[in-house]
Amino acid sequence: MMMLKKELILKNPLRFIGKETQDILSEGGFGAVLARAGVGKTALLVQLALHTLLKGKYVLHISLDDPVNKISLWYKEVFRHLTQSYDAKNTNKLWEDLLPHRFIMTFKVEGFSVPKLEERLTDLKEQNIFSPQMVLIDGFHFNDTARTSLSDLKRLAKNHSLHVWFSVKTYRHEKSGPGGMPSSLLDVSDLFDIVIQLQPEGKKIHVMTLKGGPADSDRPALFLDPATMLVKDII
Amino acid sequence: MKNAINKVRNIGISAHIDSGKTTLTERILFFTKRIHAMHDVKGKDGVGATMDSMDLEKERGITIASAATYCEWLGHEINIIDTPGHVDFTIEVERSLRVLDGAILVLCAVGGVQSQSITVDQQMKRYKVPCIAFVNKCDRSGANPFRVIDQLQEKLGHNAVPLQIPIGLEAAHQGVVDLVSMKAIYFAGANGENVRIENIPQDLLREAIQKREELIDAGSMFSDELTEAVLEEQEITEEMIISAVRMGTLTRQITPVFMGSAYKNKGVQPLLDAVTKLLPCPYDVKNEALDMDNDETPVTLSGELEKPFVALAFKLEEGQYGQLTYIRVYQGSLSKGDTIVNSRNGKKIKVGRVVRMHADQMEDIETIPAGYIGALFGIDCASGDTFVSPGLNLTMTSMFVPDPVISLAIIPNDNKSQINMSKALNRFSKEDPTFRTYVDDETKETIIQGMGELHLEVYVERMHREYTADVTTGQPRVAYRETITRKAEFDYTHKKQTGGAGQYGRVAGYMEPVNGTKFVFENKIVGGNIPTQFIASCEKGFRQSIVKGPKMEFPVTGIKVVINDGASHPVDSSEMAFVAAARGAFREGYYKAGPVIHEPIMKVAVETPSEFQGAVMGLLNQRRGIIVGSQDEGPLCVVEAQVPLAEMFGFSTVLRSSTQGRAQFTMELNSYKQVPKSIAEELAKTAEKEKKGK
């Protein structure tokens with residue numbers, strides 16, 4: 001099973017954007033995955049999470065749209081695709097091992113607030129139930145008041161030694177500012193260390209780094225396979 | 001049946017204990033002229049000891065809470081269906097709820113939304129049953145219907161909208177103001193049977209106007225006509241408001257609230273009006289069946305009378321004249337003399353008597369059309385069976401019945417109890433396919449099996465109450481299983497030659513783990529090393545071995561046995577010899593194949609007010625649980641976890657005490673998983689002790 005784990009770790013989706021070595025986000029760091037509805041934000045977030053889980057770390061997945069069951073299904077699906085070519089018995093065992101490292105929390109959009117999250121998080125940590133190193137926030141609303149919440153989140157992330165990935169929904173009509181950054185993210189983009197955009201191009205989904213990518217531009221273009229929503233291997 | 005289907009209502013009345021469900025049902029039956037005198041629920045001494053509805057039934061000699069009671073109001077036929085009061089998720093609850101089209105949620109004006117109201121509400125939510133609320137006991141001191149409405153919104157997340165306001169509260173409670181017609185309704189006469197409609201008292205006028213506006217506001221979400229009328233300041237008719245509120249009610253987006261005091265006969269008639277006006281008729285509700293020929297794909301039932309017949313047997317009742325089977329017809333119609341098929345076992349049944357239950361008597365009828373509830377006599381079936389026209393293969397409930405995960409020994413305390421107990425067990429296993437019973441060969445004890453501790457507790461309680469069977473229960477036991485983890489070979493010779501006919505048989509091959517099935521046997525013998533006639537004996541020997549695993553005597557699952565070699569003796573080989581050889585071979589291979597114990601892991605969902613979320617997670621965590629996640633739903637929060645069943649004993653008590661009784665949980669089997677080593681050792685020790693004790 002160790003072999004399987006190692007092989008899967010090598011499949012790190014972010015290896016291809018030049019961040020293969022260590023965790024790309026430091027404590028308190030923010031990352032964002034941008035895309036229009038249905039393009040694969042959650043799938044990519046789940047891949048990032050699975051990768052972190054494989055390294056034995058703890059991931060808290062917060063969803064503001066979907067129920068726990070649905071998120072759980074996402075993990076199962078992505079994991080199934082990732083491990084398709086491996087022996088089922090081993091992968092089942094691995095899945096069981098990963099499960100306790102993951103925690104899904106869902107809120108209604110209007111019910112979500114940083115103090116509430118902090119309260120929950122402290123509760124989990126104090127009772128020694130769960131202490132995440134990575135937090136995913138799926139469905140966060142980037143509106144006018146987002147900056148305050150994000151700044152609070154940043155403080156929380158630093159205090160609890162964790163990094164946060166967001167999914168950001170973009171819209172067709174939305175104008176993009178400098179560097180291709182969508183307007184909803186413009187005001188707060190300074191808080192983010194890495195911003196990745198998913199752009200459908202024909203039958204493929206292009207993974208573009210808007211911020212925090214490698215300096216050299218000769219790296220080959222990176223695509224998601226729309227069937228599995230996994231990062232395609234570069235041939 | 002004389003009425004059109006749109007004048008039929010199949011409803012349930014659900015309530016917290018002591019909020020007046022029995023009184024309200026009684027008043028409904030009185031006002032619909034099903035019974036002719038009212039009796040008080042309170043005891044004669046006036047102390048206020050509330051009698052159990054069961055006692056009341058005995059005293060009255062009628063069955064108020066029979067499975068389905070029929071009554072009429074304003075030309076509508078109303079079937080009041082008994083909804084089980086217990087909290088545990090069982091197949092029985094599911095059945096009762098799917099027969100309902102709508103419900104009245106009774107709440108106490110003093111107590112408000114109590115824990116059981118929450119449970120009942122959750123069940124309704126799960127089955128998407130539209131409901132209206134009745135705030136009862138407005139005559140009690142401390143009554144405040146508006147506080148209850150607030151609680152409905154906050155605690156249950158209902159969009160609760162009052163359609164009435166009270167005229168006086170506590171001792172001064174006289175009647176209600178109807179916000180739709182803007183009239184005051186008083187209830188005069190000895191039993192409140194004379195409804196007097198007057199103008200709204202001056203002092204309530206302002207409040208009434210304001211509440212009516214709120215009502216129209218809420219209703220306009222569901223009707224363009226009403227919205228237009230409001231915007232263009234046209235006259236708003238009663239029909240507009242009713243039809244808008246009905247739309248909202250049917251989709252569970254509005255909960256209309258009515259009020260009164262059933263005990264003082266106030267507000268019951270307007271509530272019945274509301275049942276006819278706001279709750280759905282069978283047509284408004286989409287019903288689905290599963291197509292057995294098509295991998296259980298859901299099929300929508302049309303409710304048309306010309307279509308083939310489909311009905312669900314939702315309750316069995318032991319009457320004076322034998323078994324009465326309550327059915328709800330979903331499609332087509334059923335007449336006396338028809339032949340129908342029980343889709344569970346394919347048995348054809350000829351329908352003799354078709355009846356309809358009244359409060360205290362039954363009436364023979366000719367047909368039961370779609371949407372109606374009726375009863376059949378003398379039909380042998382189990383509760384939950386689906387009846388269809390010959391040629392159809394539909395079922396209303398999935399045929400998948402999970403294996404029980406927990407067992408309990410029960411011992412009758414005397415002879416009479418013994419007889420009653422077996423009667424009860426016979427009935428329960430017919431009613432509920434997840435409830436099973438058998439007699440243990442070794443201990444000679446009667447064992448009952450089910451889906452959870454609470455599930456079995458409910459049945460033991462019912463044995464006491466309904467069958468006066470006095471039984472003692474043993475410790476609940478988890479249904480562990482054994483399985484193997486790797487391939488292992490065996491080669492065993494059974495030889496006995498000590499006088500008389502000898503026994504000889506050699507069986508060789510291997511065993512390996514297999515997924516998704518209990519046992520697979522494969523014969524790969526070539527050249528007749530084991531003669532063909534003894535192959536079946538070998539399989540028999542292996543099958544006997546898996547009933548009680550060699551490791552801990554738990555049933556063995558997920559094992560494949562392949563035999564590929566062997567030997568026989570022309571004289572000494574016999575069937576018996578090969579059965580014995582196979583058993584020996586199994587034991588030999590089994591210990592080499594890395595046997596492990598598996599335990600049932602339950603999917604547990606705890607619904608709790610948000611403030612107790614931390615405490616609940618702590619409780620689950622202490623029980624070897626993996627918390628999958630938490631879901632915030634406004635004031636409530638659902639924590640989902642996977643917890644070994646063995647750790648869930650007594651959880652309901654602990655949960656209650658650490659959340660002030662406000663959290664509750666459901667659990668169902670998720671999967672079987674290997675038990676951790678430390679626990680396996682403990683189990684082994686206990687098994688050892690028990691063996692010595694025998």
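Guide: A term to start with: two strands pair if DSSP finds at least two bridges between them. Strands (E, at least two residues) and helices (H or I, at least four) are DSSP runs, numbered from the N terminus. This is a predicted model: local features need pLDDT of at least 70, side-chain atom pairs count only at pLDDT 80 or more, and totals for chains, interfaces and linings use all residues. Residues are numbered from 1 along each chain as its sequence is written, and chains are lettered from A and ligands numbered from 1 in the order in which they are written.

Visitor: What stands opposite A:Thr106?
Guide: B:Gln631, in S36(B). Strand S3 (residues 102–106) of chain A and S36(B) run parallel, joined by three bridges.

Visitor: How many residues of each chain are in contact?
Guide: 16 of chain A and 14 of chain B. Contact means C-beta atoms, placed from the backbone, within 7 Å.

Visitor: Which elements of chain B each supply at least two residues there?
Guide: Helix H14 (613–622) and strand S36 (626–633). S36(B) gives the largest share, eight residues.

Visitor: New topic. Which strands form the open sheet in chain B?
Guide: Four, in the order S31-S32-S34-S33, with mixed pairing. S31 (488–496) and S33 (519–523) of chain B are the edge strands, each pairing on one side only.

Visitor: How many bridges link S31(B) and S32(B)?
Guide: Nine, in the antiparallel sense. In S32(B), B:Gly509 is the bridge partner of B:Phe490.

How values were computed: Contact = placed C-beta atoms within 7 Å.
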